[in-house]
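Dear colleague,

My notes on what was found in it follow directly after.

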Amino acid sequence: MFDILQILLSESFWSASLRIATPLIFGVLGALLCEKSGVLNLGIEGIFVAGAMVGWMAVWLGAGLWGGVLAAALAGALFGLLHGILTVPLGLSQHVSGLAITLFASSLSYFSYRTALPTVSSPPRISPFQPLDIPILSDLPFIGPVLFQQTALTFLALFCVFLVWYVLNKTALGVAIKAVGDNPNSVDAQGLSVYGLRIGAVMAGSALMALGGAFLTMSAFDAFFFGMVNGRGWICIALVIFASWRPGKALLGAILFGAFDALQVRLQTEVGAFVPSQVFLAAPYILSIFALVIAARRAEYPRALLTPWFKGQR
Amino acid sequence: MIRIEARGSQSLAWKIGLPIISAILALILAAIPLTLAGAPILDSYAQMFSGVFGSKFAFSEMLTRATPLIFTGLAAALAFRAKLWNIGAEGQLYLGAMAAAAIGTGVFDVSGMILIPTIILFGCAAGAFGMIVPATLKIRFGADEVVTTLLLNFIIIIFLQYMLEGPLKDPMGLGWPQSSPILDQGMLPKVMDRMRIHYGLIIALLCAAFAQFMLVRSVWGFKLRAVGENMNAARHAGIPVNRSLLTVAALSGALAGLAGVSEVAGLKGYLTADLSPGFGYTGIVVAMLAGLSPAGVVIAALFIASVFVGADSMSRAMGVSSYLADLVVATALLCVLLGGFLSRYKIITGVSQSGGK
Amino acid sequence: MNSNKVLSLKNLSKTFGSVKANENVSLDLHRGEILALLGENGAGKTTLMNMLFGHYMPDSGRIEVADDAGHFSDLVLGHPQAAIAAGIGMVHQHFTLAENLDAVDNIMLGAEPLTRMRRNRHEAEKKINALMENSGLSTPLDVPAGRLTVGERQRVEILKALYRNVRILVLDEPTAVLTPQEADTLFENIATMAAEGLAVIFISHKLREVLAFSHRIAVLRLGKNVGEMATSEADEQKIARMMVGSETSLPIRQAATTGAPVLHLEALSVVGRGRRDSLKAVNLTVLGGEILGIAGVSGNGQAALAGVLSGMMTPEAGKIILNNEEVSQIDPAQMIAKGVGRIPEDRHRDGIIGSMSVAENMIIEGVDGHRFQKNGLLKRENITEHAKALSVEYDVRGPGIAAPAQLLSGGNIQKLILARVFDKKPLLILANQPTRGLDMGAAADVARRLIEARSRGAGIVLISEDLDEILRLADRILVIHDGEFAETHTRDRAELGLLMAGQAA
């Protein structure tokens, strides 16, 4: 017990928590944005893979780290556009379209990677984002290592939390997005484009999702390997409901999750003899299911989520 | 100006034609990644074709590959008909496989006549359990079954690793994480000598025929369709919605479990962690290509198995990544989606009606 | 009222598939004029206004709108943006509010450019407050629209238009969801605004209010403009004849002998979705051979009453007694088995399974019966015969019994539902808004069937927002307000209106 307390008070623990949470922050924000506008985007898992691959590949090909970030975001946005077209003007099942995008984006990413780098025994590596060293701030006790020695992408994630919150709650665009996710007719009757708002939200959300993937290959690790996303996308979908579609709660949920993940890694070394390692490996997924079940009952889904809207049909 | 208008009912020709056209289109579109990979197109296609139809053995390999896809395709098709999004067939497959390994590797030393049905029964039960839990969570708590079944997949596979390094581990397996072999009398018999096709295929075909019949001609199938098409109206009409959902969940899971049984006790003979290269997920594509029709599932499974087996052979010969197969399958799914839209709606441009057909 | 023309619809036509919703319709509107657009359900009124507002693109025709200076220009068609910019505003029949946003946000939606990074709620609130004072329409501004009453929501809809400096205001069936008093207040406010120059078109199928509140009347029938006249020159018979083209005989309810109670609700409490849509320890009795009319503004517990009677909702407390037997387990199958026939309010959501065939829809409530199945397998010939017979008897028309039910028109879908319900000769019938959205012929048909069932001894609970329908068909009237019933013997609309609003007569 004492050990756990020690862990919970250590800097390295919280620093790791925030690091592990970063891809989830991007993913939950992305899914949140899509769903707020009324579109469920199950392409998230595939878009994570695509973001991871495209970002890494762009850096490998010489685009520089921020070039990679941009490339990943663009790739995400493109897949978002595809999903948006299938589900919004064409009104196809959002579940099926999302799953199709996950399959398509994953297989395209794996195929492209394999084709570009066919004969490699161990995955080639790039120079990833390094932890920042900000004068004064990075040297503060506790907060220094935890917050100010993260990589640039983590800061980007935190900034995105603020950005999404600000757009949704302080801008006219945010009002329109919230409206179209509740009652598309309200938006249409005021002369705005339902299609444009929804597709735009899905594209922006998908770009964020891709950044989550990019973090994996450009910050957390430095190479792209198969199966590295490992269900993070699905965990984000569960966390969005847990976060009640609010950016602040999304950040909280992601960090809690990251903390739990960081804890179980450390716990493994403590109690690894008594408890099989698989319990710790499975814990994040079990936790997600719990979070989903607890939150689902009282969840206030965006009212128009999953229902297609067609122009000129009244 | 472009206007979209709903058609009347779809003709049968369209219902069958659409998936076929999508499949062919996806194969044709495969030329793009082939070119980008620098492979000669015609040769590659020839390789793919001969990889399936080039010899009796190749063809039997395709059938063997299609067997689990028929099971998981049926699992997805039935569940999706009820709008129950079972994405957990992969996990349910492994549950069935674990049950087969638990029952059939020596715990019961009885004759095959008893052992095989027992393995099948427990495999079905294990798979059914794997889907009943998420279905119950959905009914009681409104927890979205897409997410729960997906997350369960990961949990089950981790559990599988635990089992293979622990309770199910083969003591004579030289330390590899694999199960003991299924007893000889517990193995599903082969359909013909020197080929790997086994009775799992026969069982799969029977299941498909039964499912198709029940869906269209039985009261149970009627209620299932009603619940899937309009749950509110079905409930209003007195149809027991929750019971229908739980029943279809059990059946769907059981079918996926059968896929696991079939692979372990029909094909491989023992259980490893890489038993399934994604059969559960591919089953979803099979179901969608089949338009959620059990009879169509058989055909779609054969097609997709052909793509995978053919692409495997082609990729070895041409040095192209075998992920091409996944890409073709994913493209086929997108084509079916788009085609499904076109078949349900006419696109009318201008004044004259040019039916999108 | 000036003779300054402010709007001119010229030869508008619109066809949907094989249905000519509007055919060559022309119409003019003047400054300060209140024009009533009249016609029965399906005549094309809403389609015409939807074309004006840009929801639909006309197949042919033009619309000319005058600006403040009186210059006419062609309106860009098919875009609500253009209509709003031209000063046209519309209050739709089904409200277009985002329920998760408050009134201010709903009103500002679309009025501020999406690219702006900061909002100006303060300014907007000031302007809205001023509008509320001038027009007399008031509503709470900081409550999410989902928690507003129906009347309040409608006022937000009107304020939306006023905020955008509307010069031509269209109201689609504005009084369908209001009490008689609320309707009067609404028209007073409209008259005030019209006096200041606002041009108004309101769509209605209610002759009385049209005669009371409009300056001019235009009648649509089968998609065509069949005549206009000044209201001062109009009377009910004249307009009714123009609306329908011939005399319709509305079925007359003869006095009937009532029998034993078929339904008795005792201290029944139901918690509905909204605070106001519940039932609070109510008592209710329906006798065989009588039609009990439930009058009231929707949202006062009708959904809960319908929910319990159809078996879809479980009561918190109290008893339901059908034919002297207490119903122990309340679910749809039980209610059907005990002889309750239900005609649901939302046909498409609860009444039919659109993608299944007409024949299949006719048996969805009885598929377990011996007639249609044996050993778990469907008896397809019996099902087909049954569907054919019912289609003839109840005049269900469409592309055939094997076609998906969603292809049928609204009236035929209702006939399908009636066929299914009445074929079982139910003891108790729940008719929830049974004639909503139907044209006069179909509505008369429904009324006839209800009266027939009544003569056969069935008890009928008729829930309707249309007070005239209740007055016509009900033997006895209960007014529902805030989850409680008030029995009344009056047939006076004003008194009933007060009861509907919760005020004692």
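I begin with a detail of chain C in this predicted model: in strand 15 of chain C, E325(C) is the bridge partner of L322(C). The antiparallel pairing of strand 14 (residues 317-322) of chain C with strand 15 of chain C extends over 2 bridges.

These two strands belong to an open sheet of 4 strands in chain C, which has the order 12-11-14-15 and antiparallel pairing. Strand 12 (279-287) and strand 15 (325-326) of chain C each have a single partner strand, because they stand at the edges; one side of each is therefore left without a neighbour in the sheet.

Helix 9 (residues 302-309) of chain C lies across strand 11 (261-270), strand 12 and strand 14 of chain C. The angle at which helix 9 of chain C runs to strand 11 of chain C is about 125°.

Turning to chain A, the axes of helix 7 (residues 152-170) and helix 8 (residues 172-182) of chain A cross at roughly 80° and come within 5 Å. Helix 7 of chain A is therefore roughly perpendicular to helix 8 of chain A. On the side of helix 7 of chain A, the contact involves V167(A), L168(A), N169(A) and K170(A). These meet A172(A), L173(A), G174(A), V175(A), I177(A) and K178(A) in helix 8 of chain A. By class, this contact between helix 7 and helix 8 of chain A has 6 nonpolar, 2 polar and 2 charged residues.

How many of the 11 residues of helix 8 of chain A are buried? The number is 10, so helix 8 of chain A is largely enclosed by the rest of the structure. Among the buried residues are A172(A), G174(A), K178(A) and D182(A). Their cover includes helix 2 (11-36), helix 7, helix 9 (184-188) and helix 10 (194-220) of chain A, together with helix 3 (103-108) of chain C.

Finally, chain B has 14 helices and 2 strands. Its radius of gyration is 21 Å, close to the 21 Å that the globule rule gives for 357 residues, so chain B is as compact as a globular protein of that length. The C-alpha trace of chain B spans about 75 × 60 × 35 Å along its principal axes. Of the 357 residues in chain B, 57% are buried. Among contacts in chain B between residues at least 6 apart in sequence, those joining residues at least 24 apart make up 74%.

With kind regards

Note on methods. Residues numbered from 1 in each chain as written. Chains lettered and ligands numbered in written order. Predicted model: local features only at pLDDT ≥ 70, side-chain atom pairs only at ≥ 80, totals over all residues. Heavy atoms only, no water. Pairing = 2+ DSSP bridges. Contact = heavy atoms within 4.5 Å. Axes fitted to C-alpha atoms, helices over the stretch in contact; angles between N-to-C directions. Parallel < 35°, antiparallel > 145°, perpendicular 65-115°, else oblique. Nonpolar A, V, L, I, M, F, W, Y, C, P; charged D, E, K, R; others polar. Rg over C-alpha atoms; globule rule 2.2 N^0.38 Å. Buried < 20%, exposed > 50% of the residue type's maximum accessible area, 1.4 Å probe, protein only.
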